[in-house]
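Thanks for asking me to look this over.

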Amino acid sequence: MANTSSAKKATRKIDRRTAINKNRRSRVRTFVRKVEEALAAGDKAAAEAALKAAQPELMRAATKGVLHKNTASRKVSRLTQRLKSLDA
């Protein structure tokens, strides 16, 4: 348990940031899930639209420190690759 006032404040700040980061991570997962569902359904137009919406969300999460930059790039790359394989 935090004893000093600065430790108590740090705990409050951590709680706030954790809630914000959890919300951001959840948003990213939702956007990625929408792309994957469209890909699974074979709906190319919906998948393209979902990917177009998911890409900035992934990069925003990387900028805010929720995801690593390379992780976000890898996810975008793999989703794009799966979208292109839908054509073939």
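**Notes on the helix packing**

1. Let me begin where helices H1 and H3 touch. From H1, the residues Val32, Val35, Glu36 and Leu39 meet Leu79, Arg82, Leu83 and Leu86 of H3. Sorted by class, this contact holds six nonpolar residues, two charged ones and no polar ones. Please keep in mind that this is a predicted model.

2. Next, the geometry of that pair. H3 covers residues 69-87, and its axis comes within 11 Å of the H1 axis, crossing at roughly 20 degrees. An angle under 35 degrees counts as roughly parallel, and H1 and H3 are therefore roughly parallel to each other. Their crossing is left-handed.

3. Now the other partner of H1. Helix H1 spans residues 5-41, and it packs against H2 at an angle of about 155 degrees, with the two axes 8 Å apart. Because angles over 145 degrees count as roughly antiparallel, H1 is roughly antiparallel to H2. The crossing of H1 and H2 is left-handed.

4. Which residues make the contact of H1 and H2? On the H1 side they are Arg27, Val28, Phe31, Val32, Lys34, Val35, Ala38 and Leu39. On the H2 side they are Ala46, Ala47, Ala50, Leu51, Ala53, Ala54, Glu57, Leu58 and Ala61. By class, the contact of H1 with H2 has 14 nonpolar residues, three charged ones and no polar ones.

5. Glutamate 57 deserves a point of its own. This residue sits in helix H2, which runs over residues 44-63. Is glutamate 57 buried or exposed? Its relative accessible area is 9%, and since buried means under 20%, glutamate 57 is buried.

6. What does the side chain of glutamate 57 pair with? Leaving aside residues up to four places away in sequence, glutamate 57 touches Arg27, Val28 and Phe31.

7. Last, a look at arginine 17, which lies in helix H1. With a relative accessible area of 43%, arginine 17 is partly exposed. Its C-alpha atom is separated by 26 Å from that of lysine 34, a residue 17 places away along the chain. Lysine 34 is one of the H1 residues in the contact with H2.

Conventions
Residues are numbered from 1 along each chain as its sequence is written. This is a predicted model: local features need pLDDT of at least 70, side-chain atom pairs count only at pLDDT 80 or more; totals for chains, interfaces and linings use all residues. Side-chain values use heavy atoms; hydrogens and water are left out. Helices (H or I, at least four residues) and strands (E, at least two) are DSSP runs, numbered from the N terminus. Buried means under 20% relative accessible area, exposed over 50%, partly exposed in between (1.4 Å probe, protein chains only). Contact means heavy atoms within 4.5 Å. Axes are lines fitted to C-alpha atoms, for helices over the stretch in contact, and angles run from 0 to 180 degrees between N-to-C directions. Angles under 35 degrees count as roughly parallel, over 145 as roughly antiparallel, 65 to 115 as roughly perpendicular and the rest as oblique. A crossing is left-handed if the near helix is turned anticlockwise from the far one by less than a right angle, and right-handed if clockwise. Ala, Val, Leu, Ile, Met, Phe, Trp, Tyr, Cys and Pro count as nonpolar, Asp, Glu, Lys and Arg as charged, and the others, Gly among them, as polar.
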